[in-house]
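Okay, thanks everyone for coming.

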Amino acid sequence: MTLGGYANRIARINLSSGTVEYGQVERDLLRKYIGGRGLGVKFVFDNGPRVDPFSPDNLLAIMIGPCTGSAVPMSGRLAIVTKSPLTGTITDSHMGGFTAARLRWAGLDGLLIKGRAWRPVYLVVENGNVTIEDATHLWGLGVRATVRALQEKYGKDRTSVMAIGPAGERLVRFAAWLNEHDRASGRGGTGAVGGSKNLKAIVIIGDRSGQPQPLPERKEAFQEAVRMGQKAIMAGALTAPNKGGLSIYGTNVLMNIINEAGSLPTRNAKESHFEHGEAISGEAFREFNLASEPVCHACPVHCKKEVEVKEGRWKARTESMEYETAWALGAQCGLGDREPLIYMLDQCNDYGLDTIEMGVTLGMAMEASEKGLTPEVINWGDAEKMSELIRKTAYREGFGDILANGAFGAATLLGDPDLALSVKGQAIPAYDPRGVQGIGLGYATSNRGACHLRGYTIASEIAGIPFATDRTVTEGKAQLLKTFQDLFGFLDSMDVCKFASFSEGAEEFSAQVRALTGFDDITPEEAMRIGERVYNLERYYNNLNGFTGEHDTLPKRFFTVPGTHNSAGMLSQLPVMLEEYYRLRGWVNGVVPEEKLIELEILEREREAVR
């Protein structure tokens, strides 16, 4: 089979037997699910929804899209898809850097990993092949030492390494994979799934001079599609290099904006404004702590900001100080000091921990401590105690063994699950749904638990992209969210950075995939339909695991405790939006009905049944 954009080679790895098999993906599946998130979700679904996340039978799908490693702007993303040990839902989590591009240049479209090795192992991917190597000497090391050791062995110039740290080895339920650039596949506990398989790392060796590279099916059309995408990014208000906010301040450009709106959850969302927000903003980190501005493959934006503390107790250098991290370990925990934030980010990166879940879990524990529910006192903003508990969580020591279950799991064990700012077991990100109504609907209906990246209504409600909507109202938010969710379902399958959507849309993205693959019927409308198919397949997977509309809700606090500052008196109006959202989706109480599955051609047997 010849098809532009793809290597047409998938590796199926069984760690129990130590075998690797290779094959192609059927053209029909590529057309329906594209790659990345979409194809990964299809593989995980077909593996069986009822599997235990820590079972050898759980599939860890590491996938890239047809655009990966190409000239398509911001096409340096890789998707890890599996059943989450944190939520019990399907999850996909993405990382940037050059890992994804090297996987394409190494001659593969993805790795499908099952089983459990009898000893720690790592994989080596090169020239279209995968070998399984002994990682006994690496087990117990942090991410940094693991990356260093493997790059010393295999070389640095052509090599990417993605690894788990001690948190993944000990099955901390929100453990992450990280690569050599501290880019994390952070959410959902994908690192813990790696740990459950005794899989320590994946070494990917490749560059453009290696395997014959997938060529676009329509060369001139592809060049034009890339040019149009680059033009849009260069003109974007947030993406323009050295002009847009992302380029200058990184994602933490949002700190002052969200805080001023009174939509920054503070001290476990007891408030929605942080009095020290400016001290931990992107502007402050750039002025006082910026070390470098690294880049991902094919990205002109350079949103990553490496930060450092040069001396003293909190000496560290790490990337990248994202808005979500600054909030989770900062405002959420009542900490307004940049230096310990940098140090704790460095800890999380090396231990292999999701900074969002870690920060929300610590904030929950601080409020639980106020209520006398914890075995030790944890005061708001106590950086020393926070750092200690991050280490204990990674190693499951003492109270850290409870915190290793994430905010909801830990709060439940402490006797008050309502203290957890979680949806479907996953911690919320850095936007308060009392002051930004649409994002609350996004948290509630996200298929992987609370998440802003399934449908980023903040773009419209705060930044006015692609058009401005009033953050305080509910009207139109269901349609706005569905549009974002479907668009991102397609974008994550390409697999291209979400920030490209600040400047491009379905027209540009479909043109890139159409010219690259030769799937000439992928119009903008069809791209949205593919995204809708991916979102519904994820929802169906969750339905088969017992998730219904009962789980499409928010923490009680957002319905009962009013926001503060410029969101004073506001509460989430989720029920009003949810009814409209289900109508637009064609779902019944959060469940995908059979007719919707047939309409979207999700299951082969159902499609055959109507012929």
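Before I start, when I say one thing covers or touches another, I'm talking about contact, meaning heavy atoms within 4.5 Å. Also, keep in mind that this is a predicted model.

Let's begin with helix H20, which runs over residues 506-517. It has 12 residues and reaches 16 Å from its first C-alpha to its last, close to the 16 Å expected.

Now on to H21, residues 524-544. This helix has 21 residues and spans 31 Å between its first and last C-alpha, close to the expected 30 Å. H21 is mostly covered too, with 16 of its 21 residues buried. Just after H21, Gly546 takes a positive phi of about 95°.

Okay, the core. The largest nonpolar core has 148 residues, and Phe490 is one of those with the most contacts inside it, along with others including Trp327 and Tyr431. H19 gives the most to this core, nine residues. So what does Phe490 touch? Leaving out residues up to four places away in sequence, Phe490 touches Ile34, Phe509, Ser510, Val513, Ile522, Ala527, Ile530 and Gly531. There's also a second, separate core of 27 residues, including Ile64 and Leu111.

Definitions and conventions. Residues numbered from 1 in each chain as written. Predicted model: local features only at pLDDT ≥ 70, side-chain atom pairs only at ≥ 80, totals over all residues. Heavy atoms only, no water. Helix = DSSP H or I, 4+ residues; strand = E, 2+ residues; numbered from the N terminus. Expected span 1.5 Å × (residues − 1). Buried < 20%, exposed > 50% of the residue type's maximum accessible area, 1.4 Å probe, protein only. Core = buried A, V, L, I, M, F, W, Y, C linked by side-chain atoms within 4.5 Å.
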